[in-house]
Amino acid sequence: MKKLINAPNDVVEEMIAGFAAAHPQHVRRLPEHNRSLVTAKDTAEGKVGILIGGGAGHEPAFMGYVGEGMADGVAVGNIFASPPPDPILEATKAIDKGEGVVFIYGNYAGDVMNFGMAAELAALEYGIPVGVVIVTDDVASAPAEERGNRRGIAGEFLVTKVAGAAAAQGYSLSEVVRVSNKANARTRSMGVGLTPCSLPQTGQPSFELEADEMEIGLGHHGEPGIEKGPLQTADRVAERLVHDILADMPLEPGSRTAVLVNGLGSTTLMELYIVFRRVGQLMSDIGIIIHRSYVGEYSTSLEMGGCSVTVLHLDDELEELIDYPADCPMYVQK
């Protein structure tokens, strides 16, 4: 599987260097650790910091969401691997403005361990209070009664949007954690995989599917889904994803939502808009309002084929935060 790279083991460092060079108005790389990036613009004293991060390979997540109204810093790991505690801690120190920092990350063992260690070190060694929000939006990864075991996937973008807006509006540390956890509790995602990706170091496919197959519920790293079957039309796929989301989070007519149709790396915008068209029809048919929509690549898996659908059930507070302006390299909202 072809890739436009140099040495396979250098891809993450070279990507970060290129990203920082391309977006100096938004981000700067910390000299203390080359896997730590923070906002290039000064943030106000007393503002709660928002730190995100995870493995490389999900671009534009996570680096692309550092900026005004979103995250203040990011720690980047190897491909599909958690960053170690050191870059997390360095970014935490850099973005702390006296009121603490909120960590937002997906529910993966490495992230839970390493962000947890960094939070402890920040408090013990530097006196920085840290709040933690673990995103668990993937409906396919665990049953409803075990929701705390679910993976975090594209819903992490919407939770970060809420957290960043809350911090920008002067919410306290505990209030940012509260509203971010509320957003996570009201967010559901479901995905479909069509083709695998390959890691630069191996060149081998991350999973196997026949040319005429798809897999419902496939994870962002190639974790097994819940069902393999024949490739279906965009409409049938959209219907299945929306059905499973709303079965897990029933919504009454008149409910307001933010909806994200996310590409996994090689799915064209043409395809994603076809999927969104059917998602919108399904929501309208049952009286659910799409207050704000997002279509595109927000959290990918290298060049994996497929998409995911995410629904955030809004209330008045969440709607205000979702609508708050943001300006970062890969996402601008006015």
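Tutor: Two strands pair if DSSP finds at least two bridges between them; strands here are DSSP runs of E with at least two residues, helices are runs of H or I with at least four, and both are numbered from the N terminus. This is a predicted model, where local features need pLDDT of at least 70, side-chain atom pairs count only at pLDDT 80 or more, and totals for chains, interfaces and linings use all residues. Residues are numbered from 1 along each chain as its sequence is written, and side-chain values use heavy atoms, leaving out hydrogens and water.

Student: How do you know that β3 pairs with β4 (residues 73–79)?

Tutor: Six bridges join β3 to β4, and the two run parallel. A pair needs at least two bridges, so they qualify. Leucine 51 stands opposite glycine 73 in β4.

Student: What makes β3 and β5 (residues 101–106) a pair?

Tutor: Four bridges join these parallel strands, against the required at least two, so they pair as well. Isoleucine 50 has valine 102 as its bridge partner in β5.

Student: Why is phenylalanine 80 called buried?

Tutor: Buried means under 20% relative accessible area, exposed over 50%, and partly exposed in between (1.4 Å probe, protein chains only). Phenylalanine 80 has 19%, so it is buried. Phenylalanine 80 lies in the loop between β4 and α2 (85–95), with a positive phi of about 60° although it is not a glycine.

Student: And what makes leucine 302 partly exposed?

Tutor: Its relative accessibility is 21%, which falls between 20% and 50%, so leucine 302 counts as partly exposed. Leucine 302 sits in the loop between β11 (289–296) and β12 (305–314).
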